[in-house]
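The following report describes a single structure for a reader who is new to it. The sequence and the structure are shown first.

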Amino acid sequence: MRQLAQAHKAVLPFGNGRSYGDSCLSASDTLLALRPLNRFISADWETGLIRAEAGVTLEEILSLAIPRGWFLPVTPGTKYVTLGGAIANDVHGKNHHARGTFGCHVRSFALTRSDRPTLVCTGAQNAELFAATIGGLGLTGVIEWAEVQLIPIRSSMVDTITIRFGSTAEFFHLCDELDQSHEYTVAWVDCLSRGSSAGRGVFMAGNHAPEGVLQTDNRRKLTVPFVPPFSAINTVSLRALNSIYYRAHRTNREPRRVSYDPFFYPLDRILNWNRIYGPRGFQQYQCVIPNENAEPAITEVLDTIARAATGSFLAVMKKCGRIASPGLLSFPLPGVSLALDFPQHRTLNNTLFSRLDSIVRDSGGRLYPAKDAHMSSGDFRHFFPNWAQLESLRDPALCSRFWQRVTDS
Amino acid sequence: MKRVAIFGATSAIAMECARLWASEGTTFFLVGRNQEKLSQTADDLVARGASDVQLYTLDLNRIDSHAELIEACFSNLGQVDIALLAHGTLPDQAACERDPDLALHEFSNNALSVIALLTRLANRMEAQRTGTIAVISSVAGDRGRPSNYLYGTAKAAVSTFCQGLRARLFKAGVHVATIKPGFVDTPMTAGLNLPARLTASPEQVAKSIYGAIENRRNVAYTPWFWMGIMTIIKSIPEFLFKRANL
């Protein structure tokens, strides 16, 4: 590592490349490709404690764990991320209100640094580096392996209910009501709707089914075979798609039993889905607004986006809970998180995103580094006051383009 | 429950094959040079469902130790359902052109040690009258190319040896599968500039080896399209072939 760093100035551990911004790109363009580090070290199926190398993907963990009655304690919206990446970005999921972030379930990991021998970090041992590495964007060292506590399940099926809501206010009521009784909650929101239908969407809640099969879902996947010359997502197609999706869902409080895969990972069904945005791709905007300002700020954010008449089908809203992460630079806070994809456009950052940034800033919210490609260094330092602590614990051999961008003064 | 012996068990392709078998509760006998890597592989396989994993550390170039190795293998597993030979190196062709000792050493790595091992293994398999021997050869053995002919020569020897052995052991009910991978993204090929579209992952290759053994395929190109590519390469007339730089 030291040699590589000397030859290239700085490198960066890289997992499966699912971060949306430049946090997974190396400042020197030379990466440590860690996906091949994909061996399991131990798995205790009595207690659900697994230890695996950092390049193992969540999909690989699920394929072993599900048949034996275990599940990931926290999972993001794709299973194609590595264990190391899940820790480095301290990912969260539909059960943030019930179980916090992924980092809350990491018992220990081994960290290799260029300036000292490999060390094992836990909440008690090398605690400073433990906290800095969770959500540390891969900058504190290379995670060799990690130990994670899985959760027991009795079935790989999920009992879900679907409820349509007509406004942001209704969404908040649903959160208050259903977050108590459901481990998993998330909402899709129609980002183009204005006027009387502004803030409408579909609320989905689920629990692991108490009975049923325990099997991994290996259904055939679709793929987007090539990059179309222009984005298939534009205002017209989007307005139609959103309308159809909204109308296709009826309020149904009778639980429906579905496999875990379409519930947690709808986008994983379509390989290379990002290609539908054409050669320019997309940029995601994900922010979290603290509870005290959430309702007015989210309404304002949605209104600003609807006025800009851009956005995408993939607009996801979720109420985050109070469980604190051990991570130093963890993104979620008690409040509401909103994530939207936008077809890439050269004026995006200067117009829409800068307007959204000021709403987020004024409401005491923040942006998600794992998804970011535009945050200013001023905003970053304001959103994550612990950044200087991470900088002091950063491995001198590691640096990402993101880190270079947001710490550049 | 299968009983599987893997020679060169820490190779990327062998490891992926082993993972497929591990999920079925297989019992393993793994042979490799590097004890640490071998025991890490064993941990991985146990976590993935293997019933039992026995380890044997040996450099397979030490042909005088093969008798003892085969003895240990059969006494550990009792019966060998699948024997996978996966050890090998990728020689530096240019260096082999300068240094005959190196050339012979590489030939020994990739051909002599395989032939020696197969000879002892075949006799035991013939006596047990069941099982499959799968040998990882290479598309490189199909025709000698200027860029890689030392490796190609060794793999040609292995392929031809397997062809003969297959016909001999068939009579005893033992199957021999010759596996011919094309470009595979493994530590062995790290640093080579391989064409992305033609390069398979070790997982893909492992799946087709798994299938070839299940279906008792004689010769399996993997991925399958290499059969077409090699048919074309083999059909190029020599007077043209010698002018090309393949």
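In chain A, strand β3 (residues 40-44) pairs with β4(A) in the antiparallel sense over 4 bridges; strands pair if DSSP finds at least two bridges between them. The strands are DSSP runs (E, at least two residues) and helices are runs of H or I of at least four, numbered from the N terminus. Ser42(A) has Arg51(A) in β4(A) as its bridge partner. The hairpin of β3(A) and β4(A) has 4 residues between the strands, and Gly48(A) takes a positive phi near 75° there.

This is a predicted model, in which local features need pLDDT of at least 70 and side-chain atom pairs count only at pLDDT 80 or more, while totals for chains, interfaces and linings use all residues. Residues are numbered from 1 along each chain as its sequence is written, and chains are lettered from A and ligands numbered from 1 in the order in which they are written.

Of the 5 residues of strand β4 (residues 49-53) of chain A, 4 are buried, so the strand is largely enclosed by the rest of the structure. A residue is buried if 20 or more other C-beta atoms, placed from the backbone, lie within 10 Å of its own.

## The chain as a whole

Chain A comprises 13 helices and 19 strands. Of its 409 residues, 46% count as buried. Its C-alpha atoms fill a box of roughly 60 × 50 × 45 Å along the principal axes.

Definitions and conventions:
A residue is buried if 20 or more other C-beta atoms lie within 10 Å of its own, exposed if 12 or fewer, and partly exposed in between; C-beta atoms are placed from the backbone.
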